[in-house]
Amino acid sequence: EGGSLSPSSSPQVALVDYGAGNLRSVAKALERSGLTVDVTSDPSALRRADAVVLPGVGAFRDARASLAAKGLDDAVLGAIAAGRPYLGLCLGLQLLYDEADEHGATAGFGLLRGRVERFPDRGADGRRLLVPHIGWNEVRWSHSAAAHPMLAALPGRDHYYFVRSY
């Protein structure tokens, strides 16, 4: 069951290819961070990997169906259950929830309680909101989040680009 590293080896990361996603840019970013990346749609590769990254582009229902058809859903859940690091990017994070309402109710992995819902067209004050939300926004990390090793090298506040409806 994956994951033994020698002190001189870099972690082997399985980047899940479910048929959609920004695989090339994610792979390059992970490699630049010193990781060894295997872009794969092979469930056994996920079982051998030290960590799993599931990027997300597309609709929740389509991604869920593609993952299931390839046996990648069970492999992702197995890696998480084994305690291996998991990074879900956008849809890859949303899939961890109980369900989503995109194109009708679709069950997620059920590891996080809640439902992924589309942003409302109007804010609490009645103003019209632009959905999808596209653009640069300032992100400020809470003190406890900023202490996490994955965020330690990032500034306490910075601007990030978002494209999202959910």
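Tyr161 lies in strand 9, where strands (E, at least two residues) and helices (H or I, at least four) are DSSP runs numbered from the N terminus. The model is predicted, so to speak of local features requires pLDDT of at least 70 and side-chain atom pairs count only at pLDDT 80 or more, while totals for chains, interfaces and linings use all residues. Residues are numbered from 1 along each chain as its sequence is written, and side-chain values use heavy atoms, with hydrogens and water left out.Together with Ile134, Trp136 and Val163, Tyr161 makes a nonpolar surface patch of about 480 Å². Strand 8 (133-140) and strand 9 are the elements that give two or more residues to this patch. Patches are built from residues with over 30% relative accessible area and no salt bridge, nonpolar side chains (Val, Leu, Ile, Met, Phe, Trp, Tyr) being joined within 5 Å and like charges within 9 Å. The areas come from the Shrake-Rupley method with a 1.4 Å probe, and for residues only the protein chains shown count as cover. A salt bridge is a side-chain nitrogen of Lys or Arg within 4 Å of a carboxyl oxygen of Asp or Glu.

Of its 42 lining residues, Val26, Leu87, Gly88, Leu89 and Cys90 are the closest to the centre. A pocket is an open set of points on a 1 Å grid over the protein atoms alone, where a 1.4 Å probe fits, with protein on both sides within 12 Å along at least five of seven lines; lining residues have an atom within 4 Å of a point.

Helix 1 (23-32), strand 3 (51-54), strand 4 (86-88), helix 5 (91-94) and strand 9 (157-164) each supply at least two residues of the lining. The largest share, five residues, comes from strand 9. By residue class, the lining comprises 30 nonpolar, nine polar and three charged residues; Ala, Val, Leu, Ile, Met, Phe, Trp, Tyr, Cys and Pro count as nonpolar, Asp, Glu, Lys and Arg as charged, and the others, Gly among them, as polar. Cys90 lies in the loop between strand 4 and helix 5, and its phi is near 55 degrees, a positive value in a residue other than glycine.

An open sheet of three strands has the order 6-5-7, with mixed pairing. Strand 6 (106-107) and strand 7 (112-116) stand at the edges with a single partner strand each, so one side of each lacks a neighbour in the sheet. Two strands pair if DSSP finds at least two bridges between them. Strand 5 (residues 97-100) pairs with strand 7 in the parallel sense over three bridges, and with strand 6 in the antiparallel sense over two bridges. Glu99 stands opposite Ala107 in strand 6 and has Arg115 as its bridge partner in strand 7. Five residues separate strand 5 from strand 6 in a hairpin, and His103 in the turn has a positive phi of about 60 degrees.

Pro132 lies in the loop between strand 7 and strand 8, and the peptide bond to Pro132 from Val131 is cis, with omega near 10 degrees.
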